[in-house]
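Open the model in your viewer and keep the selection tool ready. We will go from stop to stop, with something to pick at each one.

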Amino acid sequence: MSTDNTTQGTARTQTPEGVRLAAGDTELTVRPDLGCRIASLRIGGTELLRQGPRYGCFPMVPWCGRLAHGEFRNGGELHRMPLNAAPHAIHGTGRDLRWRTVRTSATEGIFTYDLKDPAAPWPYPGQVTQLVELAEDGGSLTLTMGVEATTDSFPAQAGWHPWFLRNLGQGGKDVHLDFGPEWQEERGADHLPTGHRIPPKPGPWDDCFGMPQGVAATLTWPGRLELKITSRAEWAVVYDEQEAAVCVEPQTGPPNGLNTLPRLVTPIDPLEISMTWSWRNLSRGTA
């Protein structure tokens, strides 16, 4: 997923509040300075994402979820990441960094960061790119992320962690989540998958699910909005243990996957993942 880092767009000006994209009655804000997260997504004036510097929808890269004791091996080399969710490391390093804005237009933004950014402890050189594309009619959003290796190969994962508001306010009902996984990863007392696949259990969840035909989930705020999440990724973590939000997180492997299901990124074989959100307004029955 190569980009020309010297190309700077002029269609959108980056402000301290981020890069704003808009189409139809939809507007979103990307914050490259806050881990390139989607800080806001407003449809018809209604905010869908939990607000705050830790929330919105952030990229998880170069690993997703918990990494056991912050350690992974690449061949004979053992690497240790900072324990930001002791006793584990969680959600990668990309969300903690300032990304570069490569190019923007009214409905599109391209952002990158170097894996060996001095502020991040990742041991291998490479580049991460995120493409944010809002449909011209404002009816969908597609996020694409690529991880490229410069020299040495390394295991990596990529995905997203959105914080959807459980309730959109104005007296509306809480969101309903519908999805049909083929299995659930059994979760141990350490919050890591045990390696056993079990039939999906009822929530609340902080759990990983397998969807080998691709991630598909629907969030419905009754009478307000329906939002569909689709991705060719085969894994998703669902987290709904907090009262304020519901998270559906497509990703390229399960938590601790750098150790249990490593996917090597090489100079000729980058890692890519894409996710699309599409929605329709239920209050007027149109897309």
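Which side chain does R20 meet in a salt bridge? Select R20 and E27: their side chains form that bridge, at 2.8 Å from N to O. Here a salt bridge is a side-chain nitrogen of Lys or Arg within 4 Å of a carboxyl oxygen of Asp or Glu.

Before moving on, note that this is a predicted model, in which local features need pLDDT of at least 70 and side-chain atom pairs count only at pLDDT 80 or more, while totals for chains, interfaces and linings use all residues. Residues are numbered from 1 along each chain as its sequence is written, and side-chain values use heavy atoms, with hydrogens and water left out.

**Stop 1: salt bridges**

Stay on the first pair. R20 is partly exposed, at 41% relative accessibility. E27 is partly exposed too, at 27%. The cut-offs: buried is under 20% relative accessible area, exposed is over 50%, and partly exposed lies in between (1.4 Å probe, protein chains only).

Next, select D114 and R100. Their side chains meet in a salt bridge, 3.4 Å from N to O. The pair links distant parts of the chain: D114 sits in strand β11 (residues 108-114) and R100 in strand β10 (residues 100-104), 14 residues apart. Strands (E, at least two residues) and helices (H or I, at least four) are DSSP runs numbered from the N terminus. D114 is partly exposed, with 35% relative accessibility. R100 is also partly exposed, at 35%.

Now pick E185 and R197. They form a salt bridge with the closest N and O atoms 3.7 Å apart. E185 lies in strand β18 (residues 183-187) and R197 in strand β19 (residues 193-198), so this pair ties together parts 12 residues apart in sequence. Buried or exposed: what are the two partners? E185 is buried at 7%, whereas R197 is exposed at 52%. The search of the whole structure finds nine salt bridges.

**Stop 2: cysteines**

C57 is buried, at 1%. Then select C208, whose closest cysteine sulfur is 9.5 Å away in C64, again too far for a bond. C208 is buried as well, at 3%.

**Stop 3: nonpolar cores**

A nonpolar core is a set of buried Ala, Val, Leu, Ile, Met, Phe, Trp, Tyr and Cys residues joined through side-chain atoms within 4.5 Å. In soluble globular proteins, nonpolar side chains tend to be buried together.

Select V147 and W277. Of the 66 residues in the largest nonpolar core, these two touch the most other members. Leaving aside neighbours within four places in sequence, V147 is in contact (heavy atoms within 4.5 Å) with residues including V61, L115, F154, V265 and L271. Another core lies apart from this one, with eight residues, among them Y55, M60, W163 and C247.

**Stop 4: strand β26**

Select residues 271-281, strand β26. Its side chains alternate. L271, I273, M275, W277, W279 and N281 point to one face and are buried.

Eight bridges join β13 to β26, and the two run antiparallel. G146 stands opposite E272. Strands count as paired if DSSP finds at least two bridges between them.

Find K228: its bridge partner in β26 is S278.

Terms used. Disulfide = S-S within 2.5 Å.
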